[in-house]
Amino acid sequence: VGGKVLEVTEEELAKHKLEEDVWMAIRGKVYNLTPYLEFHPGGIDELMRGAGKDSTQLFDEVHRWVNVDSMLEKCYVGRLKSEQIVSR
Ligand code: HEM
């Protein structure tokens, strides 16, 4: 629907934690990582550690320098609806 940003609840996010359907939230943005999974330089298992949840902290512990915004532009699903959004 034109221009409307989807709000994703943590409950909805948690439903997408399988390799064939994996979402992840980083800095308040929810991404569909399913098409990226096999290209992740750290491997599928590593990336799956953050499946279905807010993985900001985990992501930053491993590679804070990686530019998610530009890399996953086409995988953007919507905003994470949460009281506790971890921001930079
Ligand atoms: C590399 C883990 C999510 C992009 C790595 C490596 C690990 C890792 C351990 C190092 C691999 C190596 O050097 O041998 C994780 C974990 C994630 C996660 C636990 C879940 C929270 C993501 C996401 C992206 C991403 C969502 C996409 C934007 C990359 C890139 C590298 C990398 C580009 C190479 C970085 C470099 O060499 O400087 N990841 N990753 N990762 N990951 Fe992730």
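**Entry 1. Terms and model**

For residue classes I count Ala, Val, Leu, Ile, Met, Phe, Trp, Tyr, Cys and Pro as nonpolar, Asp, Glu, Lys and Arg as charged, and the others, Gly among them, as polar. I note that the model is predicted, that local features need pLDDT of at least 70 and side-chain atom pairs pLDDT 80 or more, while totals for chains, interfaces and linings use all residues. Residues are numbered from 1 along each chain as its sequence is written, and side-chain values use heavy atoms, with hydrogens and water left out.

**Entry 2. Overall layout**

I looked up the secondary structure, taking helices (H or I, at least four residues) and strands (E, at least two) as DSSP runs numbered from the N terminus. The protein has four helices and five strands. Along the sequence I read the pattern β-α-β-β-β-α-α-α-β.

I then looked up burial, where buried means under 20% relative accessible area, exposed over 50%, and partly exposed in between (1.4 Å probe, protein chains only). Of the 88 residues in the protein, 36% count as buried.

**Entry 3. The ligand shell**

The ligand is surrounded by 19 residues, and the closest are Tyr36, His40, Glu46, His63 and Trp65. By class, I find 13 nonpolar, four polar and two charged residues in this shell.

A ligand nitrogen lies 2.8 Å from an N or O atom in the side chain of His40. For the side chain of His63, I again find 2.8 Å between an N or O atom and a nitrogen of the ligand. With Trp65 it is an oxygen atom of the ligand that lies 2.8 Å from an N or O atom of the side chain.

The elements giving two or more residues to the shell are β3 (21–26), α2 (44–48) and α3 (56–63). Helix α3 gives the most, with four residues.

**Entry 4. His40**

I located His40 in the loop between β4 and α2. Is His40 buried or exposed? I record His40 as buried, its relative accessible area being 14%. Its side chain reaches the backbone oxygen of Gly43 at 2.8 Å.

**Entry 5. Salt bridges**

I used the rule that a side-chain nitrogen of Lys or Arg lies within 4 Å of a carboxyl oxygen of Asp or Glu. By this rule I count four salt bridges. Side chains of opposite charge can pair when their charged atoms come close.

In one of them, Asp60 and Arg27 meet through their side chains at 2.9 Å, N to O. Asp60 lies in helix α3 and Arg27 in the loop between β3 and β4 (29–32), so the pair ties together parts 33 residues apart in sequence. Arg27 counts as buried, at 18% relative accessibility.

I list Lys29 as partly exposed at 23% relative accessibility, and Asp69 as partly exposed at 44%.

I also found Arg49 in a salt bridge with Glu46, their closest N and O atoms being 3.0 Å apart. Arg49 is partly exposed at 44% relative accessibility, and Glu46 is partly exposed at 39%.

I placed Thr9 in strand β1 (residues 6–9), and Thr9 is partly exposed at 34% relative accessibility. Thr9 and Gly78 are 69 residues apart in sequence and 9.9 Å apart in space, C-alpha to C-alpha.

Glu12 lies in helix α1 (residues 10–13) and is partly exposed at 28% relative accessibility. From Glu12 to Leu80 I read 68 residues in sequence and 9.7 Å in space, C-alpha to C-alpha. The side chains of Glu12 and His16 are joined by a polar contact of 2.9 Å.

Notes:
A residue is near a molecule or strand if one of its heavy atoms lies within 4 Å of it. A polar contact is a pair of N or O atoms within 3.5 Å; within protein, one must be able to donate a hydrogen and the other to accept it, and residues adjacent in sequence count only if both atoms are side-chain atoms.
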